[in-house]
Amino acid sequence: MVNLTDQNTLDPMNYNLGESSKHFIIHQQDDLFIAHEHLFQTDIPTRFYHHQADTFLFLIKGELYLQQGAQQNLQSNEQETALKQHQGIWLEAHTINSITLLTPTVELCLIRLKNTEQTELRGSFKKISSGTVESILGRSHIKTWPLWHGKAGQITIELYPPQFKETLYYQKSATQYLLPLSGITFISNENKISKPCPSFGKVLARREPRAISNPNSESITVLSVMTTQKTIGRVLLLTKPETKIR
């Protein structure tokens with residue numbers, strides 16, 4: 001994988017995978033790699049993946065059939081499974097994997113975290129989703145499903161209740177990626193200007209102020225990817241009250 005010093009643009013770099021299918025690089029740094037692929041069944045019915053690092057495949061939309069072959073220079077030990085929307089799975093490094101599209105279109109997210117240890121990925125070829133893990137009630141009644149947690153970071157699905165609004169904060173040492181899965185997610189910056197999160201998600205650098213809000217009447221779900229926390233994590237940014245002049 002090629003690492004760039006800064007690849008977090010408003011317009012992701014994209015590469016053609018066929019006549020219509022595309023590969024989008026959302027973010028590419030040493031600690032985190034995020035890419036999206038929009039695949040069309042008529043264009044690419046089957047696609048192969050052979051990564052040099054452990055990669056988490058998260059299915060944003062559609063359905064696919066996944067086959068995992070053996071590692072290089074090892075005897076065949078094929079595994080297979082079907083993935084549906086909002087399910088994820090780890091693809092171990094140096095394995096040859098193929099996906100076959102089961103729906104006309106498929107959108108997926110590829111996630112790589114720095115130094116993911118193989119010992120943390122035992123039983124990696126196993127579907128993970130909000131339906132397979134226990135939920136946790138977090139801050140301000142945010143419901144969280146921890147898809148994966150290890151030394152390299154964490155991957156979760158978060159559900160924000162209607163009319164949700166949080167205090168401005170930043171992550172002291174971690175990079176975070178947020179991807180809306182349902183509904184419109186609003187993110188405020190240090191100037192308290194709130195904007196909808198792009199459909200391809202948003203990467204928030206360490207110490208970058210942010211606050212998530214959901215002004216809608218229905219709950220929203222978000223995929224959250226966080227790199228490792230070396231020190232204290234979430235730091236609130238409390239505003240000083242205005243001083244009245246007499």
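1. Aromatic cluster. In this predicted model, one aromatic cluster is made up of F56, W90 and W148. The structure as a whole holds three aromatic pairs. In the pair formed by F56 and W90, the ring centres are 5.3 Å apart and the planes meet at 65°, so the arrangement is edge-to-face. F56 belongs to strand 5 (residues 55-61) and W90 to strand 8 (residues 88-91), so this pair ties together parts that lie 34 residues apart in sequence. Both F56 and W90 are buried.

2. A charge over a ring. Another aromatic residue, F33, has a charged neighbour: the charged end of R112 sits over the ring of F33, at 4.2 Å from the ring centre.

3. As a general point for the student, strands of a sheet pair through backbone hydrogen bonds, and the pairing may be parallel or antiparallel.

4. Strands 1 and 2. How many bridges join strand 1 to strand 2? There are four, and strand 2 covers residues 22-28. The two strands run antiparallel. A residue-level example is N16, whose bridge partner in strand 2 is K22.

5. Four strands form an open sheet in the order 14-20-17-18, and the pairing is antiparallel. Its edges are strand 14 (164-165) and strand 18 (194-196); each has a single partner strand, so one side of each lacks a neighbour in the sheet. Strand 17 (residues 186-188) and strand 20 (residues 211-214) run antiparallel and are joined by three bridges. Across this pairing, S188 stands opposite A211 of strand 20.

6. The side chain of E158 makes a polar contact of 2.6 Å with the side chain of Y160. Leaving aside residues up to four places away in sequence, E158 touches I142, K143 and T144, together with I220, T221, V222 and S224.

Methods
Residues are numbered from 1 along each chain as its sequence is written. This is a predicted model: local features need pLDDT of at least 70, side-chain atom pairs count only at pLDDT 80 or more; totals for chains, interfaces and linings use all residues. Side-chain values use heavy atoms; hydrogens and water are left out. A polar contact is a pair of N or O atoms within 3.5 Å; within protein, one must be able to donate a hydrogen and the other to accept it, and residues adjacent in sequence count only if both atoms are side-chain atoms. Contact means heavy atoms within 4.5 Å. Rings of Phe, Tyr and Trp (its six-membered ring) pair if their centres lie within 6.5 Å; planes under 30 degrees apart count as stacked, over 60 as edge-to-face and the rest as tilted. Buried means under 20% relative accessible area, exposed over 50%, partly exposed in between (1.4 Å probe, protein chains only). A charge sits over a ring if NZ of Lys or CZ of Arg is within 6 Å of the ring centre and within 35 degrees of the ring normal. Two strands pair if DSSP finds at least two bridges between them.
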